[in-house]
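Okay everyone, thanks for coming.

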Amino acid sequence: MTELSPAPGRLTATDIAVARGGRPVFAGLSLSLGPGEALRLAGPNGGGKSTVLRVIADLLTPLKGAVRWNGTATSEDPSAHSRRIAYLGHADALKSALTARENAETMLSVAGRNNGAALDRAFDLLDLQRLSDLPAGWLSAGQRRRVALARVVASGAPLWLLDEPTVGLDAASVSALERAIAGHRAAGGMVIAATHIALDLGPGDATLDPGAFSWTTDVFGEALV
Ligand SMILES: Nc1ncnc2c1ncn2[C@@H]1O[C@H](COP(=O)(O)OP(=O)(O)OP(=O)(O)O)[C@@H](O)[C@H]1O
């Protein structure tokens, strides 16, 4: 098990309103997640699942509301917040000329998290060892997704933000991801996953549909074009 660093804490987002491209996405959205907990973001295309992940990661500033870690606004210390997060976006962002292993190592090094033993365990879990020395450009879409996931699993970050993590994965890989999530939660880690499929996040997971948070023009006012 990879030791989590920094320690897990309580993540809260309160009364969040977001507009993108001058159009409202949602308003009045709140959530709270503590150590060992998981949250599924569900709902239709365009409902705002990726937007929630980007707000939690401080990649997108809401028009209203705040994201806090143990009660302190994450915007007060963005670099401390980035160290809490392993973020899996839609794009796998692998460099084609680097091997699978080099890609994962590079991504972890950039985050100051390279840990060979943890990466070995993640590669074992996701059945990547036999692909380790292949250039990423030779990998299939699902294999590339597994490499991107291995980087998250090996990170030791307490909060995993996963955007459609199962896209391209076969059934065995979905099961491996579910085991990784279970292990992460058992160690006190936290997971927020946007997914359209029945990914098992484990017992007691909550579900949030950002599209269900309606908005009114008075929340957004003149921020909208
Ligand atoms: N870069 C952007 N610029 C402007 N608007 C955007 C941008 N990205 C997303 N949006 C808009 O924000 C809204 C929410 O998009 P988001 O990607 O969060 O939805 P989602 O629930 O993750 O969708 P999906 O299920 O298709 O992945 C959509 O109406 C979309 O058009």
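Predicted model: local features only at pLDDT ≥ 70, side-chain atom pairs only at ≥ 80, totals over all residues.

Glu164 has 20 C-beta neighbours inside 10 Å, and the cut-off for buried is 20 or more, so it counts as buried. You'll find Glu164 in the loop between strand 7 and helix 6. Its phi is positive, about 50 degrees, even though it isn't a glycine.

Now have a look at Asp15, over in strand 1. Here too we have a residue that is not a glycine, with a positive phi of about 50 degrees. Asp15 counts as partly exposed, because it has 13 C-beta neighbours inside 10 Å.

One more backbone detail while we're at this end. The peptide bond going from Ser5 to Pro6 is cis, and omega is near -5 degrees. Pro6 sits in the segment before strand 1, and that strand covers 11-20.

As for strand 4, residues 64-69, it runs antiparallel to strand 5 and is joined to it by 2 bridges. In one of those pairings, Trp69 has Thr72 of strand 5 as its bridge partner.

Next, the ligand. Who's around it? The surrounding residues include Arg20, Gly21, Asn45, Lys49, Ser50, Thr51 and Ala194. Helix 1, residues 49-56, gives the largest share of that shell, with 3 residues. Sorted by class, the shell has 7 polar, 2 nonpolar and 2 charged residues.

Last stop, helix 5, which runs over residues 141-153. Its 13 residues reach 18 Å from the first C-alpha to the last, close to the 18 Å expected. How many of its residues are buried? That would be 11 of the 13, so mostly covered. Among the buried ones are Arg144, Arg145, Arg146 and Arg151, along with Val147, Leu149 and Val152. And what does the covering? That includes strand 6 (85-88), helix 3 (100-110), helix 4 (116-125), strand 7 (159-163) and helix 6 (171-186).

Terms used. Residues numbered from 1 in each chain as written. Helix = DSSP H or I, 4+ residues; strand = E, 2+ residues; numbered from the N terminus. Expected span 1.5 Å × (residues − 1). Buried ≥ 20, exposed ≤ 12 C-beta atoms within 10 Å, placed from the backbone. Contact = placed C-beta atoms within 7 Å. Near = placed C-beta within 6 Å. Nonpolar A, V, L, I, M, F, W, Y, C, P; charged D, E, K, R; others polar. Pairing = 2+ DSSP bridges.
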